[in-house]
Amino acid sequence: MKKLNTWQNLLFQAGGLLLLAGACMPLIGYAREGSLVLLIGALAFGIMQCLAGYEGSDAVVRRLRRQQLLGAFLMIGSGLLAVAHTLNISHIGSGEWKLCFAVAAVLEIYTAFRLPIALHASGEDA
């Protein structure tokens, strides 16, 4: 896997924290602000994940990498759905962005645990 530089890694981690904060903010009454924070965090997190590419040929790692990217795109999509709902841009209900975010979180968590094992098994460093 291609390593991120210091600034990219910092942006990746900040995006993850913003994702968590944005997902929790509607619980305390800040739905509009939370959706924007969620979208910003998803964009930072997803873009940095896309920059950390894989150039190898291991089929398992390539499959896991595709799942990881799908999770990142679903997180960005859930941020867009949350913003669209809170700004009344679309007629989509409030549950769709949560469902999309949950699916993305499952994919991201699975690949976060499985990808380093697959990289180690293929002889590359995680």
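Predicted model: local features only at pLDDT ≥ 70, side-chain atom pairs only at ≥ 80, totals over all residues.

Visitor: How many helices and strands does the chain have?

Guide: Start at the N terminus and the elements read α-α-α-α. The tally is four helices and zero strands.

Visitor: Back to L19: is it buried or exposed?

Guide: Buried means under 20% relative accessible area, exposed means over 50%, and partly exposed is in between (1.4 Å probe, protein chains only). L19 has a relative accessible area of 5%, so it is buried.

Visitor: Which residues is L19 in contact with, leaving aside its neighbours within four places in sequence?

Guide: Contact here means heavy atoms within 4.5 Å. With those sequence neighbours set aside, the partners of L19 are L38, G41, A42, F45, M75 and F101.

Visitor: Which residues make up the largest nonpolar core?

Guide: A nonpolar core is a set of buried Ala, Val, Leu, Ile, Met, Phe, Trp, Tyr and Cys residues joined through side-chain atoms within 4.5 Å. The largest one has 10 residues in all. Helices α2 (31-51), α3 (59-86) and α4 (95-121) each give at least two residues to this core. Its members are L19, L38, A42, F45, M75, I76, A82, W97, F101 and A104.

Visitor: How many residues are in the other core that lies apart from it?

Guide: Among the members of that other core are V61, L64, L115 and A118. Its count is six residues.

Visitor: How many aromatic pairs are there?

Guide: Rings of Phe, Tyr and Trp (its six-membered ring) pair if their centres lie within 6.5 Å; planes under 30 degrees apart count as stacked, over 60 as edge-to-face and the rest as tilted. By this rule the count is one.

Visitor: Why do the rings of F12 and F45 count as stacked?

Guide: This pair links distant parts of the chain, with F12 in helix α1 (residues 6-24) and F45 in helix α2, 33 residues apart. F12 is partly exposed, at 23% relative accessibility, and F45 is buried, at 13%. The ring centres are 4.7 Å apart, and the pair is stacked because the planes are at 15 degrees.

Visitor: What is the relative accessible area of T111?

Guide: T111 has its place in helix α4. Leaving aside neighbours within four places in sequence, T111 is in contact with L64, Q67, Q68 and P116. T111 counts as buried because its relative accessible area is 1%.

Visitor: What is phi of N88 near?

Guide: N88 sits in the loop between α3 and α4, and it counts as exposed at 65% relative accessibility. Most residues other than glycine have a negative phi. N88 is a residue other than glycine with a positive value, near 55 degrees.

Visitor: How far apart are the C-alpha atoms of G123 and D58?

Guide: G123 lies in the segment after α4, and it is exposed, with a relative accessible area of 67%. Along the chain, G123 and D58 are 65 residues apart. The separation of their C-alpha atoms is 9.9 Å.

Visitor: And what separates the C-alpha atoms of K3 and G22?

Guide: K3 is in the segment before α1, where it is exposed with a relative accessible area of 54%. Along the chain, K3 and G22 are 19 residues apart. Their C-alpha atoms are separated by 27 Å.

Visitor: Last one: what share of the residues in the chain is buried?

Guide: Along its principal axes the C-alpha trace spans about 50 × 25 × 20 Å. Out of the 126 residues in the chain, the buried share is 33%.

Note on methods
Residues numbered from 1 in each chain as written. Heavy atoms only, no water.
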